[in-house]
Amino acid sequence: MPQSQLDFYMLFGSKCKKDQEASEEKKNAQKKKVKELKVLDAKTSQNLSIFLGSNRMPYEEMKNVILEVNEKVLTENMVQSLLKLLPEQEQMNALSEMKDEYEELAESEQFGVVISSVKRLKPRLSSILFRLQFEEQVNNVKPDVVAVTAACEELRKSESFAKLLEITLLVGNFMNAGSRNAKAFGFSISYLCKLRDTKSADQKQTLLHFLADTCQEHYPEVMTFSEELIHVEKASKVSAETLQKNLDQMGKQIKNLEKDIETFVTTAQEQFERLKLMHENMEKQYEDLGKYFVFDPKKMSPEEFFGDLNNFRNMFQQAVKENQKRKEAEEKIRRAKLAREKAEKEKEEKQKKMNAGQIPNINDDDETGIMDGLLEALQSGAAFRRKRGPRQAANNRRGAGHAVTNILAKELLQEEPQPTATKKTRLEAEDRKESSPDVTDSLEDLLDDAPLRSN
């Protein structure tokens, strides 16, 4: 392998491998996150998930939009999709009872739990869809009705067209003279379109051409009939069957809406009466409360009364918290004061002992206590009342370390027997002698003597 490729592999090979492993771990984690369906089948759940992904809206917000019939948010496609994709009523009922397991459900089932709280959901959505489509349906049906109606009126009022029909009947009777169709009183409108099928002997023109030439030469007032029948073209495109079907569908939807409204009105009326009784009871309770606390309910509204009470409640709870904090602070100060007094008392006792010529015992493991004892011994002069021993070599000082301090402390902290009266004068003289400028040497001797005494 070339050196450049080897260097590249050493630099980036391990990183690529780590990235690949991280990607696989992420995919596995995503697979683990997929929650098992408990109510819905896989196809229904997938379709709902696609719908929810295309309409990114919180479930509670979508529920409120449906309840409020918010046409600014609700669209015809959205309502149609919901009606098509919503689970069966049995599944919706099962989902409505799984509120406690909401976090454990898949997204589609979570949506079902929220939306199932809307009563008569599908009839409501159907009514909303009808409301959204109603104007469009009217606009689709109304022009057809208007066109046919207008065409009928135009035909009945058109004198030029009536004259044309008269001329056509005359020509027909002339041609049918001597036959069983002679002297006819009328003909079907569909016969007008068959005029073009009858041709002259030389096959150069039709009966329709002859009629048009005759009217143009002898009856020019007939030539304007097409301008009087302006709605005939639109009327010709109207399907009576489709028109009737649309009208029947609209009538059915309106009847269903009427039933829903009647049901709603009945339920709403019952709830309103119940709510009205509850309100009357509330007013009576508030009046009784006014008598109990001696205030006029008409002058002080519930909002003011309970507002003051709520403010006092919050302030009282705040005062309790502040008292607790104050007591904790006072307790902390009290403990600190006790600790300080205890420390001062112990210090005074030690000082008294030092003044009496006693050095307090200190635990060997308490290095801080040892150093305090040494400092006190040095300050009181007890460290200089020991007999001076022989000086040790400089190499005996090495390696003493921390042990020397402990041993020295033990030596210094040992209580000396009280000297007799005869020796006392001699010891005082020696102390005065050792308190001379050679004090530093005396301390070094003590440090030198410590390892030997330990041995």
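Gln-137 lies in helix 7, where helices (H or I, at least four residues) and strands (E, at least two) are DSSP runs numbered from the N terminus. At 18% relative accessibility, Gln-137 counts as buried; buried means under 20% relative accessible area, exposed over 50%, and partly exposed in between, with a 1.4 Å probe and protein chains only. Not counting residues up to four places away in sequence, Gln-137 touches Phe-130, Met-250 and Gln-253, contact meaning heavy atoms within 4.5 Å. The model is predicted, so local features need pLDDT of at least 70 and side-chain atom pairs count only at pLDDT 80 or more, while totals for chains, interfaces and linings use all residues. Residues are numbered from 1 along each chain as its sequence is written, and side-chain values use heavy atoms, with hydrogens and water left out.

The protein has 17 helices and zero strands. Of its 455 residues, 24% count as buried. Among the contacts with a separation of 6 or more, 70% are accounted for by residues 24 or more positions apart. The protein exposes about 34,800 Å², of which carbon and sulfur atoms supply 53%; accessible areas come from the Shrake-Rupley method with a 1.4 Å probe, and for residues only the protein chains shown count as cover.

In helix 5 (residues 89-96), the residues Gln-91, Met-92 and Leu-95 are buried. They share one side of helix 5 because they cover an arc of only 100° around the axis, the arc being that of the directions from the helix axis to the C-beta atoms. An α-helix has 3.6 residues a turn, so residues three or four places apart point the same way. The cover over the buried residues of helix 5 includes helix 6 (107-115) and helix 7 (121-157).

Leu-105 is placed in the loop between helix 5 and helix 6. Its relative accessibility is 1%, which counts as buried. Leaving aside neighbours within four places in sequence, Leu-105 is in contact with Lys-35, Lys-38, Met-98, Gln-110 and Val-113. Leu-105 and Val-39 are 66 residues apart in sequence, and their C-alpha atoms are 9.4 Å apart in space.

The next topic is the aromatic residues. A search of the whole structure finds twelve aromatic pairs; rings of Phe, Tyr and Trp (its six-membered ring) pair if their centres lie within 6.5 Å, with planes under 30 degrees apart counted as stacked, over 60 as edge-to-face and the rest as tilted. One of these is the tilted pair of Tyr-286 and Phe-306, at 6.3 Å centre to centre and 40° between the planes. This pair links distant parts of the chain, with Tyr-286 in helix 12 (residues 240-293) and Phe-306 in helix 13 (residues 302-355), 20 residues apart. Tyr-286 is buried, with a relative accessible area of 9%, whereas Phe-306 is partly exposed at 41%. The rings of Phe-305 and Phe-306 have their centres 5.2 Å apart and their planes at 85°, so that pair is edge-to-face. Phe-305 is buried, with a relative accessible area of 15%. Ring pairs link Tyr-286, Tyr-292, Phe-293, Phe-295, Phe-305 and Phe-306 into a cluster.

Phe-306 also belongs to a nonpolar patch on the surface, together with Leu-309, Phe-312, Met-315, Phe-316 and Val-320. The accessible area of these residues together is about 630 Å². Patches are made of residues with over 30% relative accessible area and no salt bridge, like charges being joined within 9 Å and nonpolar side chains (Val, Leu, Ile, Met, Phe, Trp, Tyr) within 5 Å. A salt bridge is a side-chain nitrogen of Lys or Arg within 4 Å of a carboxyl oxygen of Asp or Glu.
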